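Here is a briefing on one model, grouped by topic. Please read it alongside the sequence and the coordinates.

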Amino acid sequence: MTDICCIGHITLDKIITPTLTANLNGGTSFYFSYSISKMPNVSYKLVTSLGESEMQAVDNMRKAGINVEVIPSKKTVVFENKYGENMNNRKQRVLAKADPFTAQKLVDIKARYIHLGSLLADDFPLDVFPILARNGILSVDAQGFLRYVEGENVYPCDWKDKREALQYVDILKVNEHEIESLTGESDLEPAAKILSSWGAKEVLMTLGGYGSVIYDGVSLHEIPAYPPKKLVDATGCGDTYATGYLYMRSQGASIDEAGRFAAAMATLNIERTGAFDGTIEEVEAVLDR
C-alpha cells in the first residue's frame, strides 16, 4: 500500500508586481508533492485535478519521479496575486476554478496516510470524508475550507460542515488565525480541545516564528521554531511542515520527533525560493543548529 497520498488541485498562480509578471504553478498538492519527493523510504502518490492547458505541470512532476493520478477537469484553478510597491499589500482574485473532487472519483484512493490539500471551501464535499477515513489515516489542512469565491473575489468564511467533517479527521493542521476562526477561541489550549471534542485526534497548530504546538487529545506538545539563516520565501511553508510531519509519522516517529522534523523542514523551505528541494541530511543539520 502507498504510504502517503495527497489529494488537491494544482494551481496556476499569476503574480503581478510593479516590476514583473510571472505565471507559476502552486497549491498545497504542488508544494507537498515536491517536498515529499525529496524524502527517502516512502511511497507517495498525488491525486490532482486540472485542465488540459496545465498538464505540463504534471509532466514535470512525473519527470521528477512523482507518481501523479489526474482526474480531468474543465479548468485549472487560477489565482491572481497583485502586489503594490508595498509587498504586504496584496489583492487576490480567482480567475478560474477546477471541478470539485467527488466521493465517486475518490472511492478507490487508499494509503496509510491521506492528506487533503484544500484551496477553496467547495473543493471537498462532506461525503468524501467518511470514504477516505475508511481508506487511510485522514489528514486535513483547514486553510481552504475557510475561504470561498464570489465572482472573482476571495472571502473568509466559516467551515460550515466542520463538526460533521472533523469526526473523520485524524490529523488537522491549522495556523493561529484559522484555529480562532474555527472555534472563536484565541487561546491555543482551549481552542485545540474544542477541535478535539469535535473529533480531530491530533491538532497541529503552526505559529510562524513562534514554533508550533500539537495537541494529541490529552496534552500539548510544544515544538520550537528553528530560526532561518536568511529569509527568502515563505511560500508553501505550511505545506512543507505538513509534509515533514506526515513523513515522520509514516516512519514511526513520535509526535514530538515528527513536529521537530516538520519545523526544521519548514525553516529550510524559508531559506530558499520555490518548492522545497532540500535533503533529509540538510533537515537534520537544521535540527542540530
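Tyr113 has Ile137 in S9 as its bridge partner. S8 and S9 run parallel and are joined by 5 bridges. Two strands count as paired if DSSP finds at least two bridges between them. The model is predicted: local features need pLDDT of at least 70, side-chain atom pairs count only at pLDDT 80 or more, and totals for chains, interfaces and linings use all residues. Residues are numbered from 1 along each chain as its sequence is written, and side-chain values use heavy atoms, with hydrogens and water left out.

**Strand S9**

- Helices (H or I, at least four residues) and strands (E, at least two) are DSSP runs, numbered from the N terminus.
- Strand S9 spans residues 137–141 and is mostly covered, with 4 of its 5 residues buried.
- Buried means under 20% relative accessible area, exposed means over 50%, and partly exposed lies in between (1.4 Å probe, protein chains only).
- In a regular strand, side chains alternate between the two faces of the sheet.

**Salt bridges**

- The structure holds 14 salt bridges. The criterion is a side-chain nitrogen of Lys or Arg within 4 Å of a carboxyl oxygen of Asp or Glu.
- Arg249 forms a salt bridge with Glu202, and their closest N and O atoms are 2.6 Å apart. This pair links distant parts of the chain: Arg249 is in helix H8 (residues 237–250), Glu202 is in strand S13 (residues 202–206), and 47 residues separate them.
- Arg249 and Glu202 are buried.
- Arg272 forms a salt bridge with Asp277, with the closest N and O atoms 3.0 Å apart.
- Arg272 is partly exposed, at a relative accessible area of 26%. Asp277 is also partly exposed, at 43%.
- Arg272 forms a salt bridge with Glu282 as well, with the closest N and O atoms 2.7 Å apart. This pair links distant parts of the chain: Arg272 sits in the loop between helix H9 (255–270) and helix H10 (280–287), and Glu282 lies in H10, 10 residues apart.
- Glu282 is partly exposed, with a relative accessible area of 28%.

**Aromatic pairs**

- The structure holds 10 aromatic pairs. Rings of Phe, Tyr and Trp (its six-membered ring) pair if their centres lie within 6.5 Å; planes under 30 degrees apart count as stacked, over 60 as edge-to-face and the rest as tilted.
- Phe30 and Tyr31 form an edge-to-face pair, 5.4 Å centre to centre with 90° between the planes. Phe30 and Tyr31 are buried.
- Phe101 and Phe124 form a stacked pair, 5.0 Å centre to centre with 5° between the planes. This pair links distant parts of the chain: Phe101 is in the loop between strand S7 (90–96) and helix H3 (103–106), and Phe124 is in the loop between strand S8 (113–117) and helix H4 (128–135), 23 residues apart.
- Phe101 and Phe124 are both buried.
- Ring pairs link Phe101, Phe124, Phe129, Phe145 and Trp159 into a cluster.

- In helix H7 (residues 188–197), the buried residues are Ala191, Ala192 and Leu195. They lie on the same side of H7 because they cover an arc of only 100° around the axis. The arc is that of the directions from the helix axis to the C-beta atoms.
- The elements covering the buried residues of H7 include helix H5 (162–166), strand S12 (171–175), helix H6 (176–183), S13 and strand S14 (212–215). Contact here means heavy atoms within 4.5 Å.
- Gly199 follows H7 and has a positive phi, near 135°.
- Ser186 is in the loop between H6 and H7. Ser186 counts as partly exposed, at 49% relative accessibility.
- The C-alpha atoms of Ser186 and Glu176 are separated by 7.8 Å, and these residues are 10 residues apart along the chain.

**Cysteines**

- The count of disulfides is 0, where a disulfide is a pair of cysteine sulfur atoms within 2.5 Å.
- Cys157 is in no disulfide, and the nearest cysteine sulfur, that of Cys6, is 20 Å away. Cys157 counts as buried, at 18% relative accessibility.
- Cys237 is in no disulfide, and the nearest cysteine sulfur, that of Cys6, is 16 Å away. Cys237 is buried, with a relative accessible area of 16%.
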